[in-house]
Amino acid sequence: MQQQKIIILDFGSQTTQLIGRRVRELDTFCEILPYNKFPHDDDSVIGVILSGSPYSVYDPEAFKVDLSRIRGRLPILGICYGAQYMAHTYGGRVERAESREYGRAHLCTFDHENPLFEGFADNSQVWMSHGDTITALPEGFRTIASTEKVINAAPPRGVPQSARQPPAAQLRGRHLRQPTRLEPRLVCGDNRQRT
C-alpha cells in the first residue's frame with residue numbers, strides 16, 4: 001500500500017517549509033511542490049495546502065493554478081495567498097487592506113462548533129502577514145473566524161459533505177500559536193475527519 005500524503009503547493013511563501021514541518025510533526029507525510037506541478041495521477045494524495053505568496057491575486061505576475069481537477073475531489077486548505085486566490089477564483093472579492101496586518105493578532109470570533117477550532121480558547125493568538133483581505137466570500141462559503149482587522153479570517157467552503165464534494169477550508173493567517181490543535185484536523189487520512 002502506498003503511503004498517503006498531503007501536497008503543499010508552493011506559491012513562494014516564506015513559510016512553506018514551516019507548514020511542511022508542522023504537517024510532518026503530526027506523523028503525516030507531505031511533499032512541497034511548485035504551485036503548477038500537482039501530481040494528478042498520484043492516488044496517495046489525500047489533501048492539498050496552498051501556501052502564501054509575496055504577490056497579490058491581482059498582480060499580473062502572480063502565480064495562477066487551475067484547481068478544477070483537485071477541487072471537489074480532495075480537501076484544500078489555502079493559507080494567506082492560497083485562501084485569497086480561491087476566494088478570487090470562485091467569485092469572491094479580494095481587496096487591498098486599509099492597513100497591512102503583520103504579526104500577532106487574536107481571533108475575535110470563531111465557530112466553536114467547527115472541528116477546525118476544537119479546543120481553541122476565546123481570543124486565541126494567530127500570526128498574520130498580508131496586505132490584501134477577502135472582503136466578499138464566494139457563493140457557498142461562510143466565515144468561521146475573524147480577527148479585529150480581518151472579518152473573513154477563516155472562510156471554509158460551506159457545502160455539506162457528500163461523496164462528490166468533500167469540504168475544503170481556507171484559513172488566512174500564517175502561523176497559529178496552537179498549531180497542534182488545528183493541524184490534526186487538516187490531515188485527511190487514517191480515518192481522521194476530513195476538514
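## Strand pairing

Two strands are said to pair if DSSP finds at least two bridges between them, and the pairings described here are read from a predicted model. Ile 8 stands opposite Ile 32 in β2, and the strands β1 and β2 run parallel, joined by five bridges. Strand β1, which covers residues 5-10, also pairs with β3 in the parallel sense, again over five bridges; within that pairing, Ile 7 has Val 48 of β3 as its bridge partner.

Strand β3 in turn is joined by three bridges to strand β4 (residues 76-79), and these two strands run parallel, with Gly 78 of β4 as the bridge partner of Leu 50. β3 is mostly covered, six of its six residues being buried. In a regular strand the side chains alternate between the two faces of the sheet.

Thr 16 lies in helix α1 and counts as buried because its relative accessibility is 2%, where the cut-off for buried is under 20%. A polar atom of the Thr 16 side chain lies 3.5 Å from the backbone oxygen of Ser 13. Leaving aside neighbours within four places in sequence, Thr 16 is in contact with Ile 8, Asp 10, Ile 32 and Ser 51.

Because Arg 21 and Glu 25 are four residues apart in helix α1, about one helical turn separates them. Arg 21 is partly exposed, with a relative accessible area of 40%, and Glu 25 is likewise partly exposed, with a relative accessible area of 44%.

In soluble globular proteins, nonpolar side chains tend to be buried together. The largest nonpolar core in this model has 23 residues, and those that touch the most other members are Leu 9, Phe 11, Phe 38, Val 48, Leu 50, Leu 67 and Ile 70. The elements that give two or more residues to this core are β1, β3 and α2 (81-89), and α2 gives the most, with five residues.

Apart from this core lies another, of ten residues, among them Ile 6, Ile 8, Cys 30 and Leu 77. Leu 50, one of the residues named above for the largest core, touches Leu 9, Phe 11, Leu 67, Ile 76, Leu 77, Gly 78, Ile 79, Gly 82 and Met 86, not counting residues up to four places away in sequence.

## The loop between β2 and β3

Asn 36 lies in the loop between β2 (30-34) and β3 (45-50), and at 44% relative accessibility Asn 36 counts as partly exposed. Although Asn 36 and Asp 10 are 26 residues apart in sequence, their C-alpha atoms are 8.6 Å apart in space.

Asp 42, in this loop as well, and Lys 5, in strand β1, form a pair that ties together parts 37 residues apart in sequence. The two side chains meet in a salt bridge, at 2.7 Å from N to O. Asp 42 is buried, with a relative accessible area of 14%, and Lys 5 is buried too, with a relative accessible area of 7%.

## Further salt bridges

Side chains of opposite charge can pair when their charged atoms come close. The count of salt bridges in this model comes to seven. One of them joins Arg 142 to Asp 111, with the closest N and O atoms 3.4 Å apart. This pair links distant parts of the chain, since Arg 142 lies in the loop between β6 (125-136) and β7 (145-147) and Asp 111 in the loop between β5 (93-110) and β6, 31 residues apart. Arg 142 is partly exposed, with a relative accessible area of 41%, and Asp 111 is partly exposed, with a relative accessible area of 21%. Elsewhere, salt bridges that share partners join Lys 5, Glu 31 and Asp 42 into one network.

Notes. Residues are numbered from 1 along each chain as its sequence is written. This is a predicted model: local features need pLDDT of at least 70, side-chain atom pairs count only at pLDDT 80 or more; totals for chains, interfaces and linings use all residues. Side-chain values use heavy atoms; hydrogens and water are left out. Buried means under 20% relative accessible area, exposed over 50%, partly exposed in between (1.4 Å probe, protein chains only). A nonpolar core is a set of buried Ala, Val, Leu, Ile, Met, Phe, Trp, Tyr and Cys residues joined through side-chain atoms within 4.5 Å. Contact means heavy atoms within 4.5 Å. A polar contact is a pair of N or O atoms within 3.5 Å; within protein, one must be able to donate a hydrogen and the other to accept it, and residues adjacent in sequence count only if both atoms are side-chain atoms. A salt bridge is a side-chain nitrogen of Lys or Arg within 4 Å of a carboxyl oxygen of Asp or Glu.
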